[in-house]
Amino acid sequence: MELNGKKKLHALSLAEKIQVLEMLDESKMSQSEVARRFQVSQPQISRICKNKEKLLADWCSGTANRERKRKRESKYSSIDEALLCWFHIARSKMWDITGPMLLQKAKELADIMGQEFVPSIGWLVRWKRRNNVCFSQRHMARAMHALEPLCDKGLAPASLSLPQLLKDFAPENVFSCGEVALLYKAMPGRERDGREQLCVALCVNGSGTEKRKPLVVGRRLAPRCFFGVNTEALPVLYRSSTDGRLTPELFFEWLTDFDREMGRQRRNVVLVLDAERCCPDPEPANIRLVFLPPRPHHNDDGPSPCPLHPDIVRDFKSRYKRRLLGKVFSISSETDSSPTSIAVSISVLDALHMVAAAWDKVQPSLVEQCFGEAGCSKGKGSLGLPSHAPPRGMSQEEFRDFVDMEIELACPSAQPPAGAYKEEEEEEEGGEDLFGSLPTKADALKALGTLRRWFECNGSTERVFRQFYSCEEEVERLCCQ
């Protein structure tokens, strides 16, 4: 309830401001129309346009908090910048950095600059939040596991087998990471079009008990389907690059977050990567990197080393594409639209949810078998890809070809030029007003009632109802906030 007739202020996060800029650049909407969409004032949209270059720089830096709504500048901005510079130098030298050390260094820098400044704990907390800084003390026991050169360019030497390199690590502490090209809305029989491609980075440990959140890379900075969506709460990470591939900068950002999490858990782990991946600088403190040598072309039929075992990749892709076909044909059966036209309307956001669901369904037993075959753990050898019955109307061979349709687009030379994607962006939004009013709490509660009634009338199992009750409880909790 509004008091004294005053309108409640609505501040936009950094991610929402980027969406505002994209909407203004790519559509003919006025600032007033965009303001109504985001439920803010027109002067606020005008200020966002005025600060466009600074906002884009913050977004692309990778260090800004993308969900922050206001960036309050410090009175001592020169000390802020100098301390941040010193912090990055200290991190590159693998120093143990603590709060008291930062406070002392801030005081020293203030004295050098001739400023009267006494840093406090509160100031340090705000400094860390402004600059998206996170650090953990590195104990000597963990620092000993930092990457050491295994041979030229850090590759695993031929005289040492993979099991020998990983013998000091339990299977749950051996991770493998690989990239998967995914035509996220391509249908069987359609021309294979690289404009529909996402790059998915998957990472899992040798026991299959810890699957890292997938990192999905697309070409658009903020797709229109992200309007009103808290992207940090999604079950996957979404980032963008000009060519839609996992760049060294994006990989380093992901690796840094992974290293911080392992530091908080006081774990030392190993990450197996292919030879093409560049060694980061600085090297992670809690993760030992093992770079595999290039695989000889004449031995393509032998067991595949990590990363990432082909059976794991194929199982993930088969589950994704089964969900894609299921979604398309279920909608087609209830409408007059063709499967192809429905597939065209699949958005990047739809794809992110299907990626998360498919990755969650990959069985730990398969992962353990694949790691054992590749020599990444002491598990049993792979028994082969689990036999999945093809979708109705497709033969096993047709479904296999559909799952493997990205192979010819896997190499960079097969990628279309980055400037050829405007048509795909327009196609994705066709037929749907993605900037319409966001669902209200009443809409969500009404949808729950409709869904429960549909379950009741179609003989759903008790297990489905139990899962529905959990969803219902979460929606009601959010509605009461």
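**A walk through the sheet, the cores and the cysteines**

Leaving aside neighbours within four places in sequence, F316 is in contact with V180, V200, L202, V355, A358, W359 and V362. The model in which these contacts are found is a predicted one.

F316 also belongs to the largest nonpolar core, which holds 55 residues; V200, V216, F316, Y320, L352 and V355 are the members that touch the most others. The element that gives the most to this core is helix α13 (residues 348–361), with nine residues. Another core lies apart from it and has 20 residues, including C199, V217, F251 and F291. In soluble globular proteins, nonpolar side chains tend to be buried together.

The sheet comes next. Six strands form an open sheet in the order β4-β3-β2-β1-β5-β6, and their pairing is mixed. At the edges are β4 (237–240) and β6 (287–291), each of which pairs on one side only. On average, neighbouring strands of the sheet are turned by 25° against each other, with direction ignored. Strands of a sheet pair through backbone hydrogen bonds, either parallel or antiparallel. For β1 (residues 174–183) and β2 (residues 197–205) the sense is antiparallel, and the pair is joined over nine bridges. One of the residues involved is L183, whose bridge partner in β2 is Q197.

Helix α10 (residues 248–264) touches β1, β2, β3 (215–218), β4, β5 (269–273) and β6, and its direction makes about 160° with that of β5. Helix α11 (residues 310–334) touches β1 and β2, and its direction makes about 45° with that of β1.

The cysteines remain. A disulfide is a covalent bond between the sulfur atoms of two cysteines. With sulfur atoms required to be within 2.5 Å, the count in this model is zero disulfides. C177 is in no disulfide, and the nearest cysteine sulfur, that of C203, is 5.0 Å away. C177 has a relative accessible area of 8% and is therefore buried, whereas C85, at 45% relative accessibility, counts as partly exposed.

Note on methods: Residues are numbered from 1 along each chain as its sequence is written. This is a predicted model: local features need pLDDT of at least 70, side-chain atom pairs count only at pLDDT 80 or more; totals for chains, interfaces and linings use all residues. Side-chain values use heavy atoms; hydrogens and water are left out. A nonpolar core is a set of buried Ala, Val, Leu, Ile, Met, Phe, Trp, Tyr and Cys residues joined through side-chain atoms within 4.5 Å. Buried means under 20% relative accessible area, exposed over 50%, partly exposed in between (1.4 Å probe, protein chains only). Helices (H or I, at least four residues) and strands (E, at least two) are DSSP runs, numbered from the N terminus. Contact means heavy atoms within 4.5 Å. Two strands pair if DSSP finds at least two bridges between them. Axes are lines fitted to C-alpha atoms, for helices over the stretch in contact, and angles run from 0 to 180 degrees between N-to-C directions.
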